[in-house]
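The exercises below concern the pockets and the surface of one protein.

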Amino acid sequence: MKTFICVSALLFFASHITYGQLSLRIFNYRPTGEFGFTMKPLVSMEIGTQGRFSKRATKRTRVGFSATFLKMEPRLEVFPTYGVVSDGAGTRVLPGVQAFGKYNVFQLFGGIDYAFLHNEKYNVYAGIDLIAGVVSVDYTNYVESWKDESYSGGGILAGFRFRLGIEYNLTDQISAFIDANRQGFLVAEPRALNDGNDYGLGLRYTFD
């Protein structure tokens, strides 16, 4: 399933980039909430195909599709955990540890932007994307005298991303942009609700 999603994404982007627009974006991704407590911020790249805003004042929308890969790194080599056991001897708190060997996230985005400030040279816009993708995770979880488990696998993910940005047209074919995004996504296995912010800058090139 994960291989199918990755291959389909590459074929989709290749066909659209050949006849349309190429966008490249470098961004700083900062996980938040419990995800941010566990994983470090990182710098990554997003590649995709993105329409340009029309020069017509009445046409303020565009669509885009993109993909990115997040190789997350844990903040600690080992995280302290605990377990609570109740038996005939009473209730006891047992010390434990958890360690992540891998937490990789592959995401596909598809969405729309609306330019609420729109002219020939620059656009200030807001946007929303649907997110689909997969995660690949390895971790171990040990609680003394109670639990000793390891996991290696992953599952699909789905969510939303919201965006604010500014784009400036350098030429008829090249545009530069900066944007900020807020995203949240649900991971099916191992089950998690992750969220984060990112801040990036990029270039868009139109082939026609």
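For sorting residues by class, Ala, Val, Leu, Ile, Met, Phe, Trp, Tyr, Cys and Pro count as nonpolar, Asp, Glu, Lys and Arg as charged, and the others, Gly among them, as polar. The model is a predicted one.

**Exercise 1.** Describe the second largest pocket by volume, lining and residue class.

Solution. 
- Step 1: The second largest pocket holds about 230 Å³ of space.
- Step 2: Its lining consists of 18 residues, and Lys-55, Glu-120, Asn-169, Thr-171 and Asp-172 are the closest to the centre.
- Step 3: At least two lining residues come from strand S7 (147-169), and at least two from strand S8 (174-187).
- Step 4: Sorted by class, the lining of the second largest pocket has eight polar, seven charged and three nonpolar residues.

**Exercise 2.** Locate the nonpolar surface patch, then decide whether Tyr-114 is buried, partly exposed or exposed.

Solution. 
- Step 1: The patch covers about 1,000 Å², and its members include Tyr-114, Phe-116, Leu-164, Tyr-168, Leu-203 and Phe-207.
- Step 2: S5, S7 and S9 each contribute at least two residues to the nonpolar patch.
- Step 3: The most, three residues, come from S5.
- Step 4: Tyr-114 is part of strand S5.
- Step 5: A residue is buried under 20% relative accessible area and exposed over 50%, with partly exposed in between. Tyr-114 is partly exposed because its relative accessibility is 43%.

**Exercise 3.** Summarise the fold by its elements and by the share of buried residues.

Solution. 
- Step 1: The protein contains two helices and nine strands.
- Step 2: Along the sequence, these elements follow the order α-β-α-β-β-β-β-β-β-β-β.
- Step 3: Of the 208 residues in the protein, 43% are buried.

Methods: Residues are numbered from 1 along each chain as its sequence is written. This is a predicted model: local features need pLDDT of at least 70, side-chain atom pairs count only at pLDDT 80 or more; totals for chains, interfaces and linings use all residues. Side-chain values use heavy atoms; hydrogens and water are left out. On a 1 Å grid over the protein atoms alone, a cavity is a set of points where a 1.4 Å probe fits but cannot get out, and a pocket is an open set with protein on both sides within 12 Å along at least five of seven lines; lining residues have an atom within 4 Å of a point. Grid points are joined across faces, edges and corners, and a volume is the space filled by probe spheres set on the points. Helices (H or I, at least four residues) and strands (E, at least two) are DSSP runs, numbered from the N terminus. Patches are made of residues with over 30% relative accessible area and no salt bridge: like charges are joined within 9 Å, nonpolar side chains (Val, Leu, Ile, Met, Phe, Trp, Tyr) within 5 Å. Accessible areas come from the Shrake-Rupley method with a 1.4 Å probe; for residues, only the protein chains shown count as cover. A salt bridge is a side-chain nitrogen of Lys or Arg within 4 Å of a carboxyl oxygen of Asp or Glu. Buried means under 20% relative accessible area, exposed over 50%, partly exposed in between (1.4 Å probe, protein chains only).
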